Every structure is written in C-alpha cells, then in structure tokens.
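Here are my notes on this one, written for someone opening it for the first time. Keep the viewer at hand and go through the points in order.

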Protein chains: 2
Amino acid sequence: MNRIRVAQFGLGPIGQACVKVLAQKSGVELVGGIDVDPQKIGKDVGEVCGMQKNLGLVVRGDAAALAEWQPHVVLHTTLSFLDRVEDQLAMIIRGRAHIVSSTEELFYPYQRNPEFCQRVDALAKQHGVAIVGTGVNPGFSMDILPLCLTGVCTEVKKITATRVVDASKRRLPLQKKIGAGITRKEFRERAATGTFGHIGLRESALAVMNAMSWPVDEIKESLKPMIADKRVKTPYLTVEPGQVTGIHQIMRVQSDGLERLTLKLQMHVGAQKPHDSVEIVGNPPLSMRIEGGIFGDTATIAALVNSIPKIMKAQPGLRTMLDLPVPYAFL
Amino acid sequence: MNRIRVAQFGLGPIGQACVKVLAQKSGVELVGGIDVDPQKIGKDVGEVCGMQKNLGLVVRGDAAALAEWQPHVVLHTTLSFLDRVEDQLAMIIRGRAHIVSSTEELFYPYQRNPEFCQRVDALAKQHGVAIVGTGVNPGFSMDILPLCLTGVCTEVKKITATRVVDASKRRLPLQKKIGAGITRKEFRERAATGTFGHIGLRESALAVMNAMSWPVDEIKESLKPMIADKRVKTPYLTVEPGQVTGIHQIMRVQSDGLERLTLKLQMHVGAQKPHDSVEIVGNPPLSMRIEGGIFGDTATIAALVNSIPKIMKAQPGLRTMLDLPVPYAFL
C-alpha cells in the first residue's frame, strides 16, 4: 500500500508532537515541515521537534514548498482564529492537499463566519480537496463524544458535558493561557478583552445544537477564575494562595425557552478529580464518565493524526467532524 | 423540507417499537408495515404495534408492497443471521429503498460471509441504494463506542469492553434467549448447538480489529451460565436458586501473539451494578464507564431510527457503521 504523504504546517508544541507521532506511523511518509519562525527555518524538522535524529527534511518558511513535496494531507497547527488562518489554508488548498487543522474556530465555523465558509468551501471544491478542523476540545470531549452517545437515544431533552482538567500536567503555554499564577485583577482585565479563556466552546455548542436540530435562541457564557486556597506548584510555575489557578467557563444554550445544552469547563492547576463526563436527559438517559479525564495534549495530536485517512476519503470542500465517519485511531 | 418516507419490515417487538418512535418524528412519514405473521397481515399497523390509534396503514405480508409505498428507507427487523435475511434484503433493494437492519450478522459481515457481501453490495449499487446493519450490541456499546474513544489516542495496545445487563428489565424474548430459568444441563445442551448466546460478539470483535489494523490470529470464545444464588423474579418469570439467570460470554482476540481485544458480556436477570465500560491501554489511556448501562431495548430502536438520515446520504452499496458519519440522535 502506498504511504500517505503528510506535511506539517506549524511547528509549535502541537505541531512538534504531531511530527513525532507521524514519524512512527508505517502508513505515513512525512514529507516536510513549515513554520514562520526564523529560528526554525532552515533547520532539520527532527531537530526543531526535539527528536533524537534528523529527518532529512529542512523546515521551510512558506507554503510554496508544498508544490515540491506534493503531500496528500497537511496537518495545520498554527492559530485559533479563522481570520488569522484563512491565507494559510488557501495556500495549502491551492497546493492541492487535504487539510486537518487544529484551528479551534474551524471545528464548526458556519455561524461564526459564513463568508469564510463559502470562500474556503468553494476553493477546496475547485481544487478537489477536503478540509476539517478537529482536536480534543473542540473536536471530541464536549461535542463529538456527547453526540455519539445520543446515537442510542430515541429522545434527547438535555445534554450536559463537563470537563475538569488538571492543568498542572499540561504544557506551559496552556498553563499561561488559562491565567495560572495571575491575580484576580489581571484575570478581570484579561477577561474583558474577550479573547481570554478557552477557545472553541461556542463551536462545540453550535455543532451539538445543529446536530440535535435545536434552534439556538440564546447562548449564555460565563468565565470565572479558579482561585488557589493553598500553594500549587507545577513543573513550570508556582501559584500562591489567592492567585488564579485557571478558568471555570460555562456555556448554557437555550432553545424554545428550554436549556438544552450546558458545557462546563474547568481548567486549572491542581484540579481535584479531573474527568470528562456527559449526562443525557433522554430515552434512555445516559451518564458517562471518563475518570481522570482525557489527557488533552496527547488527545489533540491524536484527533489530528487519526483524521488523516478519513479526510482523504471525504467529499471535497469544507467538512466538519460531523460529516466524517466515526473517529478511531489510525495505527 | 420533504419528510423521509420510511417503511417497517418486521413487526416483532423491535419493529413495533420502531413504529412508535417513527410515528413521533416530524421528519418521517411512515408509509407501511410488513410482516409474515398471518395474525398481523391485514390489520392496521397501529393496532399491531399496540398503539392507541390506527395509522391508516394495513400490514402487508410481502415486500411487493414496497413498489406502491416507494419508501426512501426500510427499517428491517426480522432475523439475526445473514442466510435467513438475504432474500428479504434483496427484495427491499430491488424496491429501491435504503436499508437499516437489526440483523446482528450484518453489522460486520465481511469475514463471516464474503460471498453474501459481494452479492448484496453489487445489488445495492445496481439499484443505487445503501444498506447498513446496526443496533446497540452489535452496533454501539462494544464496537462503535470503544472505537470512537480511540479517536483521541495516538497509540492503542489493548481494548476491553464490558457490558453488564440486568435482563430483569428487558423484554421476555430476551430473558428467554439468555436462558433465564433453565437448568445448568439445559444450558449445556443449548450451548452445544452453537446457536445459543448473544449473537454479534464476533461481528463487534472483527469490526474493532479491522479498524485498528490488527490482524486476527485467534478468537477464543467462552459461554458460561450465570447461576441464581437466590430466587429472582422478573415481570415475566421466576428463577429459582441453582437455575440459570443468564449468560456470561467472553471473547478474546489475539493478534501477533498479543491479546488486543477482550469483550465481556453478562446478561442475566438480577445482575448487580449493570454498566457499560471501556478500558483502553494506550496513549492516553482511557477508562470510560456508563453507570447503569445503556438500556438495550430502547437503544437498539434508537440506533436503527437514528441511522435513517445517515443511510440516505451514504454511498450506494453495503456499508457498515464504520463508514457512516459519527452517530447521533435524529430528533
């Protein structure tokens, strides 16, 4: 069987981890890596990813390299927002490669930016490639997994998905992103910018509401700090009592006067009893719990890599994980 | 939006329950019911299904009625074995309707009967329709759900799926099917026939092994009776101490000398702590539990009905739930 030619676009922590996983897949040939960081361009992809060996692939700074490499699929792991990645995605599509992206807003982009969707969908169809956004959250624990569970329900009245993450065990950028170690005042200031907190909760919510055919009347979102009651140490930082350990973000979605969907996300250092859970009020009712939770750093890499064989078989155009076959590991 | 025209083929307990659910879906128009039972033919479908009202649809005894009804999709709920349903499926396919079937062996039929698969696939493609087998087990709790969980794993070494069902709460045919109330000797005699016990464990196993790209070296299957240590009463029957309460069926699948997959199914009246659980040894490891378990009678109906919109969009031919988009409720 011919191996799938894959290029990695974005060599930050997620992209580096993807490269390490891809390098071990017998069904994949890694054909190149792209990053805009001048510190990385020109170096070997293996070196940039902290691997023991060089891969014989030099990091390039632009997507023009795709014309040389001719990948079947590009794993795209750069930024969270649609307007920041559209040019990158367009370049990859013009390079005639399918795309699996970690861009959170791409998981379910239709409501947030319909014009973006039309442009990207048309361009992808024109070039005969498919594009999808995925990850663990959005992409799995608060959307695809709860939806999958409703697959055995004849009736669904309400879905509650909860994710409690002990950020102590996650990488430093994530600990910083959730505000670990800042003050309450700093938290308020950041929250006021509107760009702080977990990105993608809205995308998860819209995907679930749409799949359930529940019109969205109102989305209520709250973002509160979790506060340390004792000193918390992680391998990267220390949080003193009274400082912020992370975020507690809740999204409640109403449809026809009923709260149909509740997403509760706690990500903080020192979180007790981390878990993922889903409660479905329906017929039959379902109560699912993953004790310890789904380890996010690895799970996001997995969601990306595991989508490679599936995006290759997808219909050209902009797709979501709701269109692709049930996800499973690509071993 | 045009409603989906659905016919029900098979009006036993599962088919009757499907009709009741279908009758409540605004997106579905029930167009007819078929059963071979002379007691049912000629009666109103609503009456046969124990509904309060007639549906204005008369039960027909043969698939020829499909030519009049022109359903988009037929829900097929008759028998468990491929060789018993092939003629029925062929008639429906010639009627140009997509099929969602509860036939357990159809969930993953490729290894058990490749010739059947070739015939049905070719016939379905010829008539431009798609066909899939589903249910809760096989179809969800020991195959699709465990597979879905591996979607966030970069590595999977072993999967264990456990389902403990308290059969007291299930319908009488199921209680009889698992041998509730028979003696150990009767159990041994039935087990020796090779057709006793839960049907579909092998199909679940083969689907998972194939998705994980694990070659199947050896399948070990055991079927043991669960024995009452005290009297167990259900709404339908009573089991005395020392009699059989149900089955304990285990399937272990080896690949390259490693036990990769273990499926453990207990179905017995009076089962304590019913649940569905999945353990994945991998990266990340995952431990999922659905306390109380997935109520099978309802879940099977749901799996069938929820597949209606998905089979309509599937490529023509013989499909499995691994080919269709991630399952979710059709509300």
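1. Ground rules. This is a predicted model, in which local features need pLDDT of at least 70 and side-chain atom pairs count only at pLDDT 80 or more, while totals for chains, interfaces and linings use all residues. Residues are numbered from 1 along each chain as its sequence is written, and chains are lettered from A, and ligands numbered from 1, in the order in which they are written.

2. Chain A as a whole. Chain A has 11 helices and 14 strands; helices (H or I, at least four residues) and strands (E, at least two) are DSSP runs, numbered from the N terminus. Its radius of gyration is 20 Å, close to the 20 Å that the globule rule gives for 331 residues, so chain A is as compact as a globular protein of that length. Here the radius is taken over C-alpha atoms, and the rule is 2.2 Å times the number of residues to the power 0.38. The C-alpha trace of chain A spans about 50 × 50 × 35 Å along its principal axes. Of the 331 residues, 54% count as buried. Buried here means 20 or more other C-beta atoms within 10 Å of a residue's own, exposed means 12 or fewer, and partly exposed is in between, with C-beta atoms placed from the backbone.

3. β1(A), α1(A) (residues 13-22) and β2(A) make a right-handed β-α-β unit. Right-handed means that, with the strands pointing away from the viewer, the path from the first strand over the helix to the second runs clockwise. β1(A) (residues 4-9) and β2(A) pair in the parallel sense over six bridges, and R5(A) stands opposite E29(A) in β2(A). Two strands pair if DSSP finds at least two bridges between them.

4. Two domains. Chain A is divided into domain 1 (4-134 + 299-318) and domain 2 (144-293), with bounds from an automatic or database domain assignment. The centres of the two domains, taken over C-alpha atoms, are separated by 27 Å. Seven residues of domain 1 are in contact with seven residues of domain 2, where contact means C-beta atoms, placed from the backbone, within 7 Å.

5. Where the chains meet. How many residues does the contact take from chain B? It takes 44 residues from chain B and 44 residues from chain A. On the chain B side, α6 (144-150), β13 (286-291) and α10 (296-306) give two or more residues each, and α10(B) provides the largest share, seven residues. By class, that side has 32 nonpolar, nine polar and three charged residues. For the classes, Ala, Val, Leu, Ile, Met, Phe, Trp, Tyr, Cys and Pro count as nonpolar, Asp, Glu, Lys and Arg as charged, and the others, Gly among them, as polar. Strand β13(A) also pairs with β13(B) in the antiparallel sense over three bridges, and R289(A) stands opposite R289(B).

6. A spot in α10 of chain B. T300(B) sits in this helix and is buried, with 24 other C-beta atoms within 10 Å. Leaving aside neighbours within four places in sequence, T300(B) is in contact with I14(B), S102(B), G135(B) and V136(B).

7. Backbone points to check. Most residues other than glycine have a negative phi, and most peptide bonds are trans. A cis peptide bond joins N283(A) and P284(A), with omega about -5°, and another joins N283(B) and P284(B), with omega about -10°. Phi of R96(B) is near 60°; this residue is partly exposed, with 14 other C-beta atoms within 10 Å. Phi of K273(B) is near 45°, and K273(B) is exposed, with 9 other C-beta atoms within 10 Å.

Notes: Two residues are in contact if their C-beta atoms, placed from the backbone, lie within 7 Å.
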